[in-house]
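Me: I am new to this structure. Please show me how to read it.

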Amino acid sequence: MKWRGTAPARLLICAGFAVAAVCGAQTNPGPTFPPARPLETWVNSLHMKFVRVPAGEFMAGSPDSELERSTDETQHQVKITKPFWLASTHVTVGQFAIFEKESGYRTLAETQSWAYGVWNDREKKWTKLNGSSWKNPGFPQRDDHPVVCVNWHDATAFCQWLSAKEGRKYRLPTEAEWEYACRAGGTTAYPWGNNPDDGKGWANCSDRTTAGQFSLFPAFNWSDGYIYTSPVATFRPNAWGLYDMIGNALQWCGDWFATYPAGPVVDPHGPATGKERVLRGGSFIYGPRHCRCAFRGRNSPDFENFYVGFRVLLEGNPGVKTIP
Ligand SMILES: [Ca+2]
């Protein structure tokens, strides 16, 4: 996404490989909650759990009254005509490792030996962090953490590989599908309501745990116990049983970014061409503004950073295989 704001020197230190030593290890994961009653679920060959999301309608974007809203969030009605299956969590480090091992694929960060990871405050953009990739994002990760430092092409390649492997059609969700699933029938700014102070236990965002670490933007006024990524499904799921729709790592969507329409739309999937792909869901370095359900991030499809990951969507019926 694009950054607007100032970055203290502390952030730049923590973006480097000395992160763990400088900033300390992960701390207490915080409270746990029983999962919300899920809809119909299914598990694939990588042990990825999917939730069946029903067709329906919702209001995308944010009302003018929403605090911290951006002007690109024009509220409009969206109709989703077909049910789909959405992974209940991000793609994890362990799942991405299987992908690379079986396919031989290598991410752009690996082949070029760097990812974006150092914020240049003078030029207001991310710059190279040499040696950074999903295998070494600059902080400790386990196999059950969301994979990061993957760009849009890497995420799409994962979907294509998994589709061929299983004979099913996996892809990135559209921006509309993502927001529909994030809201899960709700209309509030956050999955927990409209008050950012009520989010404790719901998400891994920039919080009191990260105070002094990631302060490009104001942090939430609670502690979630994690400075960097957390194991997927650590925090409370939304009403449809989906974890980390807000927080942990940003999620690539399939669409090119474009201005929202003012009127109702059916199954929108973005323009045919563009310069930036959509990123949704906030991350562990974001505070109240960027962790709203309606917030729209975006960046070049070649962009990879230590707070960017993805989750996948399965089209159709998982019991019906397609011809590879
Ligand atoms: Ca956090």
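Reply: We go from confidence to strands to backbone angles. This is a predicted model: local features need pLDDT of at least 70, side-chain atom pairs count only at pLDDT 80 or more, and totals for chains, interfaces and linings use all residues. Residues are numbered from 1 along each chain as its sequence is written.

Me: What does the protein chain average in pLDDT?
Reply: pLDDT is the predictor's confidence in each residue, from 0 to 100. The protein chain averages 88, and 87% of the residues score at least 70. Over residues 1–36, pLDDT stays under 50.

Me: How many helices and strands does the protein chain have?
Reply: Both are DSSP runs, numbered from the N terminus: helices are H or I, at least four residues, and strands are E, at least two. The protein chain has 6 helices and 14 strands.

Me: Which strands does β4 join?
Reply: Two strands pair if DSSP finds at least two bridges between them. β4 (residues 76–80) runs antiparallel to β3 (residues 56–60), with 5 bridges. There, G56 has I80 as its bridge partner. β4 also runs parallel to β10 (residues 265–266), with 2 bridges. K79 partners V266 in β10.

Me: Is C149 buried or exposed?
Reply: Count the other C-beta atoms, placed from the backbone, within 10 Å: 20 or more is buried, 12 or fewer is exposed, and in between is partly exposed. C149 has 28, so C149 is buried. C149 lies in the loop between β7 (125–130) and α5 (152–166). Its phi is positive, about 65°, although C149 is not a glycine.

Me: Where does D267 lie?
Reply: D267 lies in the loop between β10 and β11 (277–280). Phi of D267 is also positive, near 45°. D267 counts as partly exposed, with 13 C-beta neighbours inside 10 Å.

Terms used
Two residues are in contact if their C-beta atoms, placed from the backbone, lie within 7 Å.
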